[in-house]
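Please look at the sequence and the structure below before reading on.

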Amino acid sequence: MKNESTIIDVPAESRSAMKGSAPLIGEARDHTTSGSSGYKRGLSIFDFLLRLAAIIAASVAAGTMFTSDETLPFFTQFLQFQAGYDDLPTFQFFVIAMSMISGYLVLSLPFSVVTIVRPLATAPRLLLLVLDTAVMAFNMAAASSAAAIAYLAHNGNQNTNWLPICQQFEDFCQKTSGAVVSSFVSVVFFVILVVLSGVALKRH
Amino acid sequence: MAKESTTIDIGEPSTVTKSTNHDVVDEKKKSFVTAAAGGGYKRGLAILDFLLRLAAIGITIGASSVMFTAEETLPFFTQFLQFQAGYDDFPTFQFFVIAIAIVASYLVLSLPFSIVTIVRPLAVAPRLILLISDTVVLTLTTAAAAAAASIVYLAHNGNANTNWLPICQQFGDFCQTTSTAVVAASISVVFFILLIVISAIALKKH
């Protein structure tokens, strides 16, 4: 077995100076990932900001649907003269779902902060990705089922004799449609969040 | 400024040692061992991914075709309601058939990428592509399934406040068939979530 020896001079300076001038012995971590932790931290900050935006979108959707009551100033023989979100079970589901999603987003903010502080940790990112995927599907379900009912309220269905109620309840229809659009915006935010977590997870 | 000297031996050890020696050959051996071990479980995840995709293809094709053939003609006339019901009477069901068919064809097209991840378990690019496109297609699937579910619920129960009558009381078979299609699409949503989680676990470094 052939042995080679080499003598390396180690200057006994302060720890911080050693880190700056002697990178071969100063770094405690693998220095090849220091560049990737920078861009991962940037992704985490973007993730945090997107979460804040999604909180706003989801809570606006829930609030608009919740306050979409309308009372007509006149009586009609066949239709009720009041319309609210609780007249349609799908809209009830929508309000409850968007409230739960807003709550989840608020609770996930600490995990997002953890990924900013520790950009190289994979456990918080993986947890966020899995939860975000499930909540995104839940959000999409609420949004699209409410969209189907809103479409029906706007257009009705001739084959089943379902009359469009928007001709009487214009304000109600406008508010519910706005709530559905806001919910779709929050779905888009979730898609970007999931893709961000996936990109930040991969090895570099 | 005091100086310290240290001597580092660069040799060729016969066994893998955990000393502070900077041995290039040792590093190569260690990295190869960890790569092979990482490739093992990642390959298992890739195979599971492939099988899940095959199952999802079956289910989505089933859901789309069941909804497509969900027709019923009543043997009698009624004054107010049409005596025929088909998927094309509901725009939401039309959207369902088209969207689930698109999802099924996407799954078929994504099978080669899944095979690539089996063959090269450590490659990152195919997995990332699959993760991103799976996320987008998940939203499409969930949209179709949920919208059709809300119409099916309305067909079963109607709505007293808006005077929408439940049609299932006349069209029992049609309602059953469409409900089956919606359930199948919901199962495919669960498969998609599993696919995304598998891709994410396989992506993270080990």
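## Salt bridges

Over all chains, the structure holds four salt bridges, a salt bridge being a side-chain nitrogen of Lys or Arg within 4 Å of a carboxyl oxygen of Asp or Glu. This is a predicted model, in which local features need pLDDT of at least 70, side-chain atom pairs count only at pLDDT 80 or more, and totals for chains, interfaces and linings use all residues. Side-chain values use heavy atoms, with hydrogens and water left out, residues are numbered from 1 along each chain as its sequence is written, and chains are lettered from A and ligands numbered from 1 in the order in which they are written.

## Chain B

B:Arg53 forms a salt bridge with B:Asp49, at 3.0 Å from N to O, and both residues lie in helix H1 (residues 24–68) of chain B, four residues apart; helices are DSSP runs of H or I with at least four residues, numbered from the N terminus.

B:Asp134 also forms a salt bridge with B:Arg53, with the closest N and O atoms 2.9 Å apart. This pair links distant parts of the chain, since B:Asp134 is in helix H3 (residues 125–157) of chain B and B:Arg53 in helix H1 of chain B, 81 residues apart.

## Chain A

In chain A, A:Asp47, A:Arg51 and A:Asp132 are linked in a network of salt bridges. The closest N and O atoms of A:Arg51 and A:Asp47 are 3.0 Å apart, and both residues are buried, where buried means under 20% relative accessible area (1.4 Å probe, protein chains only).

Technical notes
Buried < 20%, exposed > 50% of the residue type's maximum accessible area, 1.4 Å probe, protein only. Helix = DSSP H or I, 4+ residues; strand = E, 2+ residues; numbered from the N terminus.
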